[in-house]
Every structure is written in C-alpha cells, then in structure tokens.
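Open the structure in your viewer and keep the selection tool ready. The tour goes stop by stop, saying what to select and what is there.

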Amino acid sequence: MKVMSGSFSYVRFLLIPVFFTAAVFLAGCGQEDPILDAAGEDGSPVIEDFSIAYIKRPVGALDSTRGPRSIPPFPEELDNNDPEAGITPGDVYIRDLSSPSAPETNITSHITAAVPGVKSAGDVSDLEVSYDGSKLVFALHEGMYTAINDDEDQPRWNIYEFDITQAVIPGANPRKVMNDLEAQKGHDADPHYLPDGRIVFVSDRQTSSRGLQAITGLPTTPTLDEERRDPALVLHIMDATGGNIKQLSFNQSHEFNPTVLRNGKILFARWERTGPRDAFSLYTINPDGTGLDVFYGTHSHDPATSEQAFYDVKQMQDGRLISSIMSYNRPRTLLPNMVDEEVNHFNDGELVVIDQENFIEIDQKRFTSASQSTVGQVSATNNQVTRNGDLSQYGRYYSPHPIWEEGGGARLLVAWTMCRLTNVDELIRLPCVQENIDDPALKEADPFFGVYLFDMAENLKKPIVNPVEGIAIVDPVAIINIPYQDRPAIIPDQSLDAALAARGVGVIHIKSVYDTQGSVAMVDKPLEPRDSFTLTAAERALIPLTTVNMDPLTGAVFSDVGRTDLIPRTIADISVLRDPMQTLTSQRVVRFVRITKAVPTIDDENNNINGDDFGRSGGYEMREILGYAPVEPDGSVYAEVPAEVPFTIEVLDAKGRSLMPQTTWLQLMAGETRECNGCHSPRDGQQSINPGAPGSQFPNTDDVLSLIGETMAESRARQDAGNGVTYAGLDRDIVDDNIWVTPDELTEYRYGGVEGLSTLSPVSDSACDADWNWAISKCRINITYEQHIQPILDLNCVACHNDDDPNVVPAGHLALDGSLDINPNHMTVQAIRDNNTVQDRPASYEMLFVTRPRMEVAPNGGTRFIVVRDPVTDLAIDRNDPTLVAGETDFGALDFIDPRPGMVSGGVARARFSRLVQVITGEQMRLGDLTTTPTVDHTQLLTDGEKRLIIEWIDNGGQVTNDPNFAALQ
C-alpha cells in the first residue's frame, strides 16, 4: 500500500470526475513551501482586489521537446471516427476577482471550439496584458479545417487582442490584430505590448530576410532553425492595428518571450545554436532593431554544459528579473515530436531571481556593481526544484508574472504543479514522499498546473485557480492599471546615418580587439575569450602587457596609485602595440577581421538539400564571407557591414587564420553605427582599454591626423571619407596597406595576380572583382568544395595523392582524386561510404575529413583499408587474410588500425588546428603533438591565393557547399 501522508494517509484514489483543491491534496506533503488554503485564517475566502486572466490548455501542449514557451503542435485534424479528437481546446479565461471561488469567463471558446465535420479544436498561448489593464493580447490558432487540403491554406497562429472593457462580441472582441491576408503570411506568437501601444512578437514570416533571399536568387520560404527542423521564429514589431510590420532581429534560430524593461529596451531569450554553441541566453534590443546586445546568461547555465534555458523573464518592481529556468530537449517548434513516454518532457522548471543590475553572469559582477553578494542568480523558493530531467520532488513552476503594487512588493502570479507519481496504467496519483519515490513501479505523473499567488518575501503560495486533471492552467496575468510614471520608458527610433542607410549598410567600430573577456572581470588574457586558449605560447609572448588601475564604477584607467578604491588589472599595452618603433608589423598577432554572413537553410520542395551538404560536422550551417577589414596597430577596426543580415566577426592572424571565431549572430540596421570596446568584451559598462590618440598624431607615425581620443581606425575612416576614399568598406581580398610607417607596408592575400587563383573564383558576381559593393551587387564569397577546393587539389595534389593504381598505396595514404569510383580490386572511400551510410559527400572530401585508415597492398592484389574488427561478429580481422576482399565485410562501424590524423579538423580556431593548413604553410600553430613533419615540402606548391581559399573554407566550417542552389542541383 502506498503512503499518502497527512489526513489522506493510507488512501488510494482513482481518476474520477471529483477534484480536490491543491491545498487539501498538499496538506500532508509538508516538505514543500507553505501553501495557504483557499480560505483565510477566519474561514472567509481570500480575495485579491484585482482581476486576473489565464490560459487553460491540454497538458500535452506544454511538452518541452518543443521548447520553452512552446507553440503547441497544429491542432489535431478532425477525425470523425475518433470522438475525442480535438475536443480539448486551449482558451483564455478571465476572473473579475483573484479568488478560487470567483466565476470565470471563457473569452475565446467561440473561436477555438471544434465544429464536427468542419474543423478541429483550436488553441491559445502566450497571454499578456496592457500596462493600463484594458487589453489582453495572445496567440491563437482557430483549428484545422477538414475541407482544406493544402497545409499552406490552413489557418496560422495569429495575434489576437481582447478589450477587457467590452463584452465578448463574436467576430469583433477578441479580434485578430492583423487583417486576414497579412495574418496568413506566417505563424505569430509571444506578443507583448510596448509602452507606446505597438506590439512586439515572434514570427516565422521573416519579413526582411525573405526579401534578401529573393534578391540573391534563393527560394523565399522561411529559414529553418540551425537544427534544420522548423522555421525560425524571430522578433517582429507592428502597430496597434496590425500594420507596419517590421522584422527586428535576424537570428538563425528561435527567439521567444519578448518583454520590456523599465528603460524601454526589449528583453528576450535567444537560442544560440551556432557551431558548438547550444544555449538560451538573454538579449536586449531597441524597438527599432538597433542596439542588439547580449544581456545576461551567456556563461550562467548551471552546470555550464547543460542544455538549459531562461524563459518567461519579467522585470519586477525592485528592478530585478524573475525567470523560469528549465532544461530542454530542443527549441520551440510548430510541429509535434515523438518522445519517451517514461520521461517528463513538460515545459516547466525552477523560479530564479536575477540581479542583472549588478551581475552580467551568475558569478561575474559588473564594474558598476556595489553589491556585496557573490552570486547574481538565486532560486526564488526555499526548496530545490530539479531541472535536469529528473523527478522534482517539490514540484515545478511555469510562467511567472510580477504583480505591480503601490509601494512595491514581492508577489507574483505563477503556474505551479505539485509532484505526483502514478503507476503504469496511470489510474492513481500519489504524493512524492520518499517511499513512493523509491518504488520502481511508479513514475512521475503529468503536471497538475494551477495558478498561485506567490509571496517571495514570505515564501508562501496561495491557490487562485485550482488545477484540473489533464489541463494546464498557465500564463496568469494580473489585470492592473499601472500608473503612467511606473511604466517602461518609450525609446524613440534612433538617429541613423542616411548615407549609410542608402547603401544598405551600418558601421561596426571595435575600439580594440585586445579588449577581451578573461577569467576575471577584465582583460587578463588578451585575444583569448573566457576559458579559452587560442594562442600559441610564442604568440602570447608577443603581446605586451601592463598593469593599470581601474575605477570599479566606470572602468576608467587612472595612474593615481594613491587611490585605494582602484582595482589593478592586467591588460594589453596599447601604447606599445600602436607604436611602430616599439612593435614591428611582424610582431602584431592580430592583423585582420573576417565578416561572415549566415546563408539561410531553406525548407523548399525544389531544394533537395541533405545534411551532407553542410559538411563533416554540419554545426556551422552554410556561410558566406562578406569581406575583410584590417586591424590597425592599436587593435581598432572600423568597417561598413551589410544591414539586416546575421553576421559574425572573426579575428585573424597575418595569414588570415581565425584566432577567435564568434558563435553568436550579430546584426546592424541600415544606417546604424555600433561601437564596442572589443571582441568578446564584457557587458559591464567598463571603458575601453584603448585610450585613443593623445593628440593630433599617434606617436612615431605619420600620414594620418587624429583627434584626441580617436582610435587609429576611426582616424583613418574620418580622413579617408574627407578625401573621398572608402576605407571603411569591406574588401574582397585580405589587404593591409599599413600607412602608419614609412614607407608603407603592404600585406596581401588576393584572388587575382601572380600569387592568386588560376581556378574558379568563389566571388558571387564578376562585377564584384572591380567593385566590392553590397548595395549594388550584394558581393560575397561563397565556397563550394567541388567548384573551388577540388580544382586546387586536382591542379597541385593528385599527381601524388591518387588511387589510380590499385596495387600502389597513395602517398600519405591520402587519395584526393576528384572522381574516385568503386573498384572491385580495392576499397576506396566511396566503397566505405556506400557500405556505411547514405552520405553524398565527394570521396576526396571524405579522405580529408575522416580519420585516414592505413592502406596496404592486399595479398590478392589491390589496396584496401585495414579495419580492426568485423562489426558483425566483433572478431578481430586478420589484415593478411586474402579472403577479406571488397564487398565481403559490412563496414557499418569502422575502426582502423594505425590510423593517420584527419587532415582537416574542427575546433575553436579551425584552420589553426588543421594539419592540412600546417602542411601547406609550414607552420604548426596549435596542433601540438598530433602532427608529424611531412616527408615532402608542400609549402611552395600552392599560391598565396590558393592557400587563402583553403584556409577560408576550413575556417568557415569546411562545408561541402555554401550555396543552396548548387546543393539542390546535385
């Protein structure tokens, strides 16, 4: 017999249509935070003097395999043979009083209700309230119509608004904010009011991005997220009547939960899924799309390697943030996903309070912080809530909503579910006491979400809307008229540069790339981001360092060592680096930046793209290079970057190899100028370590007149603009004409000229060779292995590295022929691939990326790969057994004897970790003991342009192709 402690001790109950209040059920759970009954101490009902609204949805709609605050799957299509299909719609409810006994009104049932033989039930999500308490806004899907055969013609998730001051009027209140034609252009969700009455929301309509796809010759269907599963939902904005829709953000994966901070900035959660990065962090952006910046949580996932997400973040009256934090399986999507029924995949987690005014990470203060605390993120409850997928004994939380109260307060509405266990038949519900937890015949039951008023100061929960079996009651909001002076500020559109906007570009000004995030709150590791070592010891030794005293409130540098409040920090010595008499050009570790653009992954029936098109890892998707800019001696960069495209900045060495690839997407709006202290610089308000020009000229330099405080790049850009020169424009080639010394020093890696390419150039348009112009030609570099890398190998490498003679082992056990075929007398990469997978990568590509097996001449003639054991029998294979010929072994899982290292490797700095790059340049870089010296000198075989192209290809991700149209043709 299972134990139910308290007044229901030794009682077993069945799932019958009798429901107990949460307070009664929990009376004996004892270990949870205190929960008041629905009545006060004197027995009278506890009633709050404000109205509330909330959502009731099927519990299954909260499945977190569809991600934080997931849009549920499309409502189930009506099946006349299944009477239960679509009979449980999600709806919005209102109560005039915050009390369990208050009557509730369903305001959406006339839209969401199933109509037998016509449509399935609909659903709702993402409820928010206006600042004056007069309106509700939410996402709604009206259901699937049986008479509509084309999915494109089925209704979308749309934004609806309800006027609380008016009665429910079918067809008018609630109303679809957009007109029907506009609403059908995409799925819209997560609406939130701006203080000026406009609405910010997320959508897969991708208004601007799809326009650029059309211009560049790509299909105009929505871009998929970086797991290539679902159209990415990104921030959009519209006016109160559904017009003037504008895309605000250009992330390649989903964004959700936009809210507005007191300062007027939009705060939202962003899925960072680029390369090895897989995290949900908090970002801010202005309502006009300018000023995108990471805000909190880049390194605050606990543990750091776990897949967790901040969601439903809101700012409380005391300025701190309240957030749910949860583990996740995958991001939000519009489609269902099969899950293990024995595992809780529901979208719920722990409540945490974030002190974002004093901390930029859970363990890292801002320079302006006066807090005595050492932790910037704490649980909002006294009991630990498990968020790693295990059983959470003290329940789970969902969708917190702070309550505005005169004089301040620490109360919020929140959806909460108690912890319950059930048997395999799911007929009983038992509390999570230890005896029941230890019973292997029990598992965690579905959530039992109700709405509670949670007083954080008292650590007390009070039921407001009692839970209902099978229904999740979530997204509660308090309907309160917030005084005007306490509402968020209204941020006007920023003043943008008309000339830049006319060219469709913005400007990025990096004050110093040496200003990077170290393991403490300043730059103790120049050029190396937090917890990363990207330089060789020799390179690290080339960077001069100095110790300065910094004001902890401003980050300003002072020489007054007498001040006791100053903090010593080790930084790169910019005064030495920028002085050509003290630092030679050859001693500068950083020389260039590469600006790389995301190529949209498009789900289009005419573009048959598979995972192999993305290369060995696939994590970097497809990318194009927008161009290059020099890094000046003081580490500054000033460059025009195409607007409204997702881009990254890579800091490069003198050979164009990436030192610090960026794993988050940046953006600029047309005409916007963004200035940052450095690459990977902390977001804590500190000043740049680059002091700028001390006067009208930088010490020991000539040619450029400066203004006091200007960076070198800023001075050059200003002077060149006055002379009609476009210094700030990105370049097709890697070129630095160092004008700070006499005579000027030229460093270049060009596609043209004697040291350039004799094979096909990867430039997108021949017009770009003469004029690298985004506004006119959308110039970019797009590399495809078969078009641009294989020809270099054919021209320079296959004379030695070929598999033409089956009785001769290729040089270095590396066959780079462009057309390796299956040969019955020997096993080629193609044979291994065809026996192993259904991959479609070129054979020579496989030889470069896959660990190269040892090859030898078989006793019966022909070369073959040597495998350790037969994957079927798991017996060791005798490599001298003449009976083991091609086709006789299943190569399902290859394990090679005496394997050679892969020629191309991934990692933080890909080309700098690549044996192939080492071989063609003669520089070992970061490979360490993994390398051996080639028996043949390869350093003079390729031109500088050919080396550059190979380095670009590897740094970019080593894709098979970066052109969706080329992939579709294959």
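A salt bridge is a side-chain nitrogen of Lys or Arg within 4 Å of a carboxyl oxygen of Asp or Glu. This is a predicted model, in which local features need pLDDT of at least 70, side-chain atom pairs count only at pLDDT 80 or more, and totals for chains, interfaces and linings use all residues. Residues are numbered from 1 along each chain as its sequence is written, and side-chain values use heavy atoms, with hydrogens and water left out.

**Stop 1: confidence**

Colour the model by pLDDT, the predictor's confidence in each residue, from 0 to 100. The average for the protein is 80, and 76% of the residues score at least 70. Select residues 64-87, where pLDDT stays under 50. The model gives this stretch 97 contacts beyond four places in sequence, a contact being heavy atoms within 4.5 Å. Then select residues 867-871: pLDDT is below 50 here too, and the stretch has 23 contacts beyond near neighbours in sequence.

**Stop 2: salt bridges**

How many salt bridges does a search of the whole structure find? The search finds 43.

Select Asp 736 and Arg 588, which form a salt bridge with their closest N and O atoms 3.8 Å apart. The two residues are 148 apart in the chain: Asp 736 is in strand β40, and Arg 588 is in the loop between α8 (574-577) and β34 (592-599). Helices (H or I, at least four residues) and strands (E, at least two) are DSSP runs, numbered from the N terminus. Both Asp 736 and Arg 588 are buried. Buried means under 20% relative accessible area, exposed means over 50%, and partly exposed lies in between (1.4 Å probe, protein chains only).

Next, select Glu 161 and Arg 175. Their salt bridge has its closest N and O atoms 3.0 Å apart. It links strand β6 (residues 158-163), which holds Glu 161, to strand β7 (residues 175-176), which holds Arg 175, and the pair is 14 residues apart. Are these two residues buried or partly exposed? Glu 161 has a relative accessible area of 7%, so it is buried; Arg 175 has 28%, so it is partly exposed.

Move on to Arg 205 and Glu 182, whose side chains meet in a salt bridge of 2.8 Å, N to O. Arg 205 is in the loop between β9 (199-203) and α4 (207-215), while Glu 182 is in helix α3 (residues 180-183), 23 residues apart. Arg 205 counts as buried because its relative accessibility is 4%.

To see a network of salt bridges, select Arg 732, Asp 733, Glu 748, Arg 750, Asp 769, Arg 948 and Glu 952 together.

**Stop 3: aromatic rings**

A pair of aromatic rings is described by the distance of the centres and the angle of the planes. Rings of Phe, Tyr and Trp (its six-membered ring) pair if their centres lie within 6.5 Å; planes under 30 degrees apart count as stacked, over 60 as edge-to-face and the rest as tilted. The structure holds 17 aromatic pairs.

Select Tyr 397 and Trp 416. Their ring centres are 6.4 Å apart and their planes stand at 45°, so this pair is tilted. Tyr 397 lies in strand β22 (residues 396-402) and Trp 416 in strand β23 (residues 411-417), so the pair ties together parts 19 residues apart in sequence. Both Tyr 397 and Trp 416 are buried.

Now select Tyr 845 and Phe 849, a stacked pair with 4.5 Å from centre to centre and 20° between the planes. They are separated by about one helical turn because they are four residues apart in helix α13 (residues 843-849). Tyr 845 is buried at 0% relative accessibility, and Phe 849 is buried at 11%.

The charged end of Lys 461 sits over the ring of Phe 454, 5.9 Å from its centre. A charge sits over a ring if NZ of Lys or CZ of Arg is within 6 Å of the ring centre and within 35 degrees of the ring normal.

**Stop 4: two helices**

Select helix α9 (residues 712-722). Its buried residues include Met 712, Ala 713 and Arg 716, and what covers the buried residues of α9 includes β36 (637-642) and β40 (734-738). Just after α9, Gly 724 takes a positive phi of about 80°.

Finish at helix α11, where the buried residues include Tyr 785, His 788 and Leu 793. The buried residues of α11 pack against α13 and α15 (944-955).
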